[in-house]
Structures are given as structure tokens and as C-alpha cells.
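Please open the structure in a viewer and keep the selection tool at hand. The stops below are to be taken in order.

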Amino acid sequence: MVAVNKTLDPKNQSSALAAAKETRHFQLIEKTYQNNTNSDYTEQLTELGNEFSYASNSNYYWGVPELSLLYGTPLYQAASTTQKLALNHLYWVGNYNHTAVSEATTSIYNTITAGVFRAVGGYETLCDELEFETKQESYHIRTFQRIGFKTKMGIVGKTILGNSLYGRLDKDSNHWFKLLIPQPVREFFISTQGSSPFSLHRDNVLSALAKTMLRDKKQYYSPYLQGLEEKGEPIPAPADGLGGRIAARYWLRFFAIHWGMSPFMACQYYSLRYTANAILKNQEYPYVRYFRELEQKGEYIPTPTAVSYYHLLDEAFHTTISQTIARDMYKDFSKPTAYEKFISGLMIYKMQRNLLSGLSGVIPGRCVYDDPMLMLFYYKLLKSPLFGMETKEALNWMEKCFCQEHEGYHVGLKYHQNLLELMRRLFSRLDYQWSINREMGIMAAGGSISKALSRNAKTFRQFSQSVMAQES
Ligand SMILES: [Fe+2]
Ligand SMILES: [Fe+2]
């Protein structure tokens with residue numbers, strides 16, 4: 001394998017670069033950039049977003065019925081046609097809300113890592129591609145948000161499906177915290193903005209640790225991170241989307257310094273980005289198949305189905321780029337140090353544990369156990385005008401959906417297995433990774449209906465007790 005920068009000698013570097021440009025992955029990056037800029041579906045997506053009206057699309061399925069909230073549950077069997085359609089639409093909205101947040105995060109990390117590749121030199125086309133992708137994401141995000149908002153208003157109006165109940169529970173737990181811990185100690189540890197003396201101190205220590213361990217790579221330090229530092233601003237870290245689920249924000253800031261300093265780590269980031277690409281593809285591809293079926297039959301194609309179709313066409317290039325950097329391009333650089341291997345292992349381990357370690361019975365394709373936030377969402381949905389249930393009735397149905405085996409769990413398992421295969425396709429080839437990450441061991445162990453049922457039963461018991469306590 002050709003090494004662009006295995007030595008830091010500039011003379012060796014330029015000849016290594018010339019040789020590196022002959023490699024398969026360099027050519028693939030060139031070709032992907034050409035194809036992506038030539039095809040680019042952002043204009044079509046923007047138009048679809050602007051012209052979308054929920055009323056004109058509400059009588060159609062936007063994807064196969066199994067891509068619906070609550071699909072395969074006893075409640076789904078009992079639902080009316082209007083409710084089933086709404087559950088199909090809300091699945092689309094939930095999926096793309098999540099995608100919008102994840103793509104906003106991706107845009108930041110694209111910028112951070114492109115800075116490193118520019119500093120290395122010789123990767124101009126790749127950097128142009130990453131900038132182009134970031135621009136595409138901004139159009140994608142706007143389209144998803146437009147459709148999402150109009151759909152939500154069309155189905156449940158102004159009903160808030162957020163987490164107000166948990167806001168109240170949090171306050172209760174803070175109350176106990178206040179009684180137990182003296183005020184000066186509390187102020188040191190807690191701040192609603194994440195800027196308590198303790199958290200600032202922790203961020204500084206982690207940042208110093210990363211920079212010390214990567215000190216021989218400081219010449220590649222991302223200008224974006226440098227700029228934030230000069231302005232005294234923190235590195236943006238999402239609290240939501242895929243990134244927000246992977247790890248706490250201070251971990252993400254810590255990881256971002258690695259991605260923005262070491263060429264190897266900048267490449268390693270793309271194995272995480274590939275995970276986001278694979279999760280999206282696993283759910284988006286069935287919409288593409290559905291689009292083609294409708295097209296062949298000459299039937300009406302709902303606007304959101306078309307959005308999924310064109311989005312996947314753009315994203316296919318992003319996936320190729322993630323895969324190429326993560327699987328091949330990292331070999332252009334010096335082999336990872338023991339420290340870099342450790343951090344890479346830790347990151348993917350955390351990602352598996354927090355993003356892929358379970359199975360949902362009520363959202364096909366979601367590979368985590370159903371948590372209290374999701375239960376709260378369903379509780380509010382069942383009480384919204386769409387179902388109009390009373391508290392007891394809603395909780396009874398929820399128990400059947402979360403705690404009893406039904407077809408939804410089996411559909412979820414099918415999506416889990418597909419995703420596991422996609423993940424192993426990349427991670428099994430990363431020789432620097434921990435074996436539990438190469439095999440996706442945590443994810444594989446989470447693909448069990450019996451485990452999901454017992455976890456969900458426990459979570460639901462606590463959830464329903466807290467609802468009943470608030471109601472009484
Ligand atoms: Fe996108
Ligand atoms: Fe993308």
C-alpha cells in the first residue's frame with residue numbers, strides 16, 4: 001500500500017502522493033465526485049419540498065405498510081384505514097426528522113475532517129466532494145423539515161408529542177439532588193447549558209489529553225477547530241440524532257479533536273459516518289423499491305416517496321465516499337498508534353452499545369430497546385385526536401404492543417439482520433479494530449426478541465407507574 005505521509009519528509013511525500021493518485025480508491029473518489037456533481041438531485045428535492053401538500057398525499061401509503069409506526073402490533077391490526085395511513089406517514093416523518101439532525105451533525109464533521117485532508121495535501125478532490133456533500137445535506141434537511149412539519153400538523157395538529165412529562169420527572173429528581181448535595185457543590189457540577197465549572201474543566205482536561213497524545217500531528221489541526229478555539233467557542237456536539245445517541249456531548253467533543261488532528265483518525269470517522277449511511281439505507285431502500293413499483297404500474301407517486309427516492313440517489317455517493325475512506329484510504333497514512341487504536345475501538349464500542357444493541361417492537365428498523373421517551377411519544381399519540389384514547393385505554397394498548405410478542409418484533413428482526421450484514425461488510429475488514437467491533441458482537445447479541453420483550457416489560461412497568469402517579 002502506498003503511504004502518503006508515513007514519513008514527514010516533504011520530498012518523500014510528493015513522490016508518494018504521485019503514486020497514491022494511481023490507487024483504486026483515489027480513482028474511485030475522483031469518479032464519485034464527477035458523478036455526484038453531474039447528477040445532484042437537490043433541485044428536485046427542493047421543488048418537492050416546496051410543492052408538498054399533506055391533503056394531496058394523505059390518502060396514499062408513502063412506503064410499504066411494514067414501514068409504519070406500530071406495524072404488526074395488536075393495535076395496528078385494530079386500527080382504521082385512516083389511522084394506518086397516518087402511522088405510515090408518521091414513520092416517514094420520524095425517520096427523516098432523525099435523518100435531518102444526523103445530517104446537520106455530519107456537515108460539521110465533514111468540515112472538520114476536510115481541514116485535515118487539506119493540510120495533508122493531495123486530497124483536493126475529496127475535500128471538494130465533502131464540501132459538496134455538506135451543501136447537499138443543507139437542501140436535504142430543509143426538504144425533510146418542510147414535509148415533516150406539514151404532515152405533523154395534518155395528522156395531530158398542535159398536539160405536542162415531545163417530552164413534557166419527563167421534564168416534570170427531571171425536576172423531581174433535581175429536587176432530591178438539592179436536598180442531598182450542598183449548593184456550592186451542586187453549582188460546580190450542574191448547569192443547564194453544560195457550562196458548569198466541572199464540565200468546562202472536564203472538557204479542558206479531555207482536550208489537553210487528546211492534543212498531548214496526538215502532538216506529533218499538530219500540523220494537520222483542522223482550521224475549523226482552530227477558529228472555534230480562537231473565538232473561545234466550544235466544538236458543536238449534537239444532543240440528538242444518531243450522533244447524540246452515540247455518546248454524551250463531552251465524548252463527542254473529545255472524539256472530534258481526534259478527527260480534526262490525526263489523518264488516521266479523520267479516516268476512522270468515516271467508519272462512523274458509514275454506520276449512519278447504512279442505517280439510513282436500510283430504511284430508505286424499501287421506499288426506493290416502492291417508488292419503482294408505482295412508476296412501473298403508472299400509479300400516483302406520493303411526494304415523500306419521491307423525496308426518499310431522490311435522496312437515496314444523492315446519498316449513494318456519500319455512502320461510497322464513507323466506505324472508501326474508512327476501508328481503504330486510511331492505509332495511505334502511518335499505522336495507528338496504540339492510543340489511536342484504543343480511541344477508535346472505544347468509539348465504535350460506544351456506538352454499538354448506544355445505537356445498535358437492541359431491538360424495537362414498535363418501530364421497524366430501530367435497533368435499540370424501546371425506552372421511556374419512545375413510550376411517552378406513543379402515549380401522547382394514543383391520546384391525540386388520531387386515536388383519542390383515555391389514559392387507561394392507552395396504557396392497556398401500549399402494554400400489548402410493547403410487552404407481548406407480535407409480528408412487529410419479527411419485522412424488526414428482519415431489518416436488524418439486514419443492517420448487521422451491512423455493518424459487518426465494512427467493520428470485518430478493519431484490522432485495527434477490536435474483535436467485538438469487527439464482528440459487531442454487541443449488535444448481534446441484541447437481535448433477540450426474548451431479550452427485547454423482557455427489557456420492554458420492565459421499562460413499561462416503570463413508565464406506566466409514573467403516568468399513574470402523575471394522574472392521581
Ligand atoms: Fe442527505
Ligand atoms: Fe449524506
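The model is predicted: local features need pLDDT of at least 70, side-chain atom pairs count only at pLDDT 80 or more, and totals for chains, interfaces and linings use all residues. Residues are numbered from 1 along each chain as its sequence is written, while chains are lettered from A and ligands numbered from 1 in the order in which they are written.

**Stop 1: the helix pair**

Select α14 (residues 263-297) and α19 (residues 407-427), whose axes come within 10 Å and cross at roughly 150°. This makes α14 roughly antiparallel to α19, a label for angles over 145 degrees. Axes are lines fitted to C-alpha atoms, for helices over the stretch in contact, and angles run from 0 to 180 degrees between N-to-C directions. Helices are DSSP runs (H or I, at least four residues) numbered from the N terminus.

Next, display S271, Y274, T275, A278, I279 and N282 of α14, which meet Y415, N418, L419, L422, M423 and L426 of α19; contact requires C-beta atoms, placed from the backbone, within 7 Å. The residues of this contact comprise eight nonpolar, four polar and no charged. Here Ala, Val, Leu, Ile, Met, Phe, Trp, Tyr, Cys and Pro count as nonpolar, Asp, Glu, Lys and Arg as charged, and the others, Gly among them, as polar.

**Stop 2: the core**

Select A256, W259, C267 and M423, the residues with the most contacts inside the largest nonpolar core, which has 67 residues. Such a core is a set of buried Ala, Val, Leu, Ile, Met, Phe, Trp, Tyr and Cys residues joined through C-beta atoms within 7 Å; buried means that 20 or more other C-beta atoms lie within 10 Å of a residue's own. With 12 residues, α14 gives the most to this core. Leaving aside residues up to four places away in sequence, M423 touches T275, A278, M440 and M443.

**Stop 3: C267**

Centre on C267, which lies in α14 and is buried, with 25 other C-beta atoms within 10 Å. Not counting residues up to four places away in sequence, C267 touches I325, A326, M329 and Y330.

**Stop 4: the enclosed helix**

Finally, select α13 (residues 249-259): eight of its 11 residues are buried, so α13 is largely enclosed by the rest of the structure. Those buried residues pack against α6 (81-120), α10 (197-213), α11 (223-231), α12 (241-246), α14 and α16 (338-355).

Definitions and conventions: Helix = DSSP H or I, 4+ residues; strand = E, 2+ residues; numbered from the N terminus. Parallel < 35°, antiparallel > 145°, perpendicular 65-115°, else oblique. Contact = placed C-beta atoms within 7 Å. Buried ≥ 20, exposed ≤ 12 C-beta atoms within 10 Å, placed from the backbone.
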